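Here are my notes on the model, point by point. Please read them with the structure open.

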Amino acid sequence: MTTLAPTPGQTVGPFFGFALPYDAGSELVPPTRPDAVRLHGRVLDGHGDPVPDALLELWQPGPDGRVVQRQGSFARDSYTFTGWGRAATDRTGRYRFSTLRPGGTPPYFAITVLARGLLDRLFTRAYLPGTLDDRLPDVPAERRHTIVAEADDRGFVFDIRLQGEDETVFFSYTQD
Amino acid sequence: MDQAAISGEIEAIAEAYQSSGAVETDVRLDYPPYRSSILRHPTKAPHQVDPEGIELWAPVFGHQDVDPFEADLTIQHRGEPLGERMRVTGRVTDGDGRPVRHQLVEIWQANAGGRYIHQRDQHPAALDPNFTGMGRCLTDSDGFYRFTTIKPGPYPWRNHHNAWRPAHIHFSLFGSEFTQRLVTQMYFPGDPLFALDPIYQAITDRAARDRLVATYDHDLTQHEWSLGFRWDVVLTGSHRTPLEEDHAA
Ligand SMILES: [Fe+2]
């Protein structure tokens, strides 16, 4: 069996705004639903300045930890949870998702980061607050907090720092 | 900063890569000739993990999400868009050549004059009232996507003085796992702007860069109607289960 060479990535560029974000893309569930949680935060560059032209994608299991395999992310019907969503950052570099608390052991939100100036997509994980250190990936202790969301009154806060002292841990995946 | 200075930086990086003897298959994140990347690339190496849980799965998209008409970018308005009509098609597979079936492919592009409909595009070329430049489709059971569109024009940007992007179509692809997510750009054969473009050249390996260039295919060209281009995509990433491996072997 041959192994084919991967197709390389390229930046999403500045002009994705008319093409990739869509109505209710960031609302995996309606924010008015009683069990809705908000996952929100900022995307920041190496100077700590907001990145207003980033695009985040969220992929997560339901609260029971099960992976959802249902269509409808682009045609939300307010009842079907698909586990996937997409949110562009605003002028102040902020993004927000309305979603459900993920299950799993340990639970985390899988996040893809795209932006103008970012030549390839990045992957990270936002673990829930209080996740024990020994359940986290084996990253240096001083960087662990960059992959753990903080709690707020309506859900979770997760900032993404593309570069700098508190740079978010981004992941690459082993292949066999 | 003019093109000669940027080209000098591009060439210096290319020479260092060639003399290193290493083989890179990905685009570099840290590529200073692309000025916007300077403050937006991680400086630490990615942390390598085994994909687990949700990462071993991809979101599902279907006919509820995508209308088949969205694969034709030339019929979204009352009239025909300006430009060279063309079909772009290809196969999406994983690294072992297995098709990525029934999965979402999104594209977006400038019009024939090199202008995006995006409000931040200030290039003083005409908008085309008959062209939006956004399309979507699902791959078929053999992994093939098919779009009908027009050839986008090259366009200026502000990386440096007199900077122009080679003509390209932006592609967004999902695999059968989260880890295979790919956003990239497809180019056209023989573009004279290739050597000058710091985004394309951020893939330092010549063979890897070539993988982003479509092939003109006369068999896809239709009599008195449209030109045909073929571009295949390989999404790597880890394999889902040992079981599936066994089946494939
Ligand atoms: Fe572009």
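How many salt bridges are there between chain B and chain A?

1. **Salt bridges.** The count between chain B and chain A is 4. A salt bridge here is a side-chain nitrogen of Lys or Arg within 4 Å of a carboxyl oxygen of Asp or Glu. One joins the side chains of B:Arg40 and A:Asp53, at 2.8 Å from N to O.

2. **Ground rules.** This is a predicted model: local features need pLDDT of at least 70, side-chain atom pairs count only at pLDDT 80 or more, and totals for chains, interfaces and linings use all residues. Residues are numbered from 1 along each chain as its sequence is written, chains are lettered from A and ligands numbered from 1 in the order in which they are written, and side-chain values use heavy atoms, with hydrogens and water left out.

3. **Extent of the interface.** Chain B brings 80 residues to the contact and chain A brings 72 residues (contact: heavy atoms within 4.5 Å). The buried area is about 6900 Å², and carbon and sulfur atoms give 59% of that. Buried area is the accessible area (1.4 Å probe) that two parts lose on being put together, summed over both.

4. **Polar contacts and the chain B side.** Between chain B and chain A, 36 residue pairs are in polar contact, both residues at pLDDT 80 or more. A polar contact is a pair of N or O atoms within 3.5 Å; within protein, one must be able to donate a hydrogen and the other to accept it, and residues adjacent in sequence count only if both atoms are side-chain atoms. On the side of chain B that touches chain A, strand 9 of chain B gives the most, with 5 residues. Strands (E, at least two residues) are DSSP runs, numbered from the N terminus.

5. Strand 10 (residues 171-173) of chain A pairs with strand 1 of chain B in the parallel sense, over 3 bridges. Pairing requires that DSSP finds at least two bridges between the strands. A:Phe171 has B:His47 as its bridge partner in strand 1 of chain B.

6. **Backbone checks in chain A.** Most residues other than glycine have a negative phi, and most peptide bonds are trans. The peptide bond from A:Thr105 to A:Pro106 is cis, with omega near -10°. A:Pro106 sits in the loop between strand 4 (94-99) and strand 5 (108-115) of chain A. A:Ser78 has a positive phi, near 75°. A:Ser78 is in the loop between strand 2 and strand 3 of chain A.

Methods
Helices (H or I, at least four residues) and strands (E, at least two) are DSSP runs, numbered from the N terminus.
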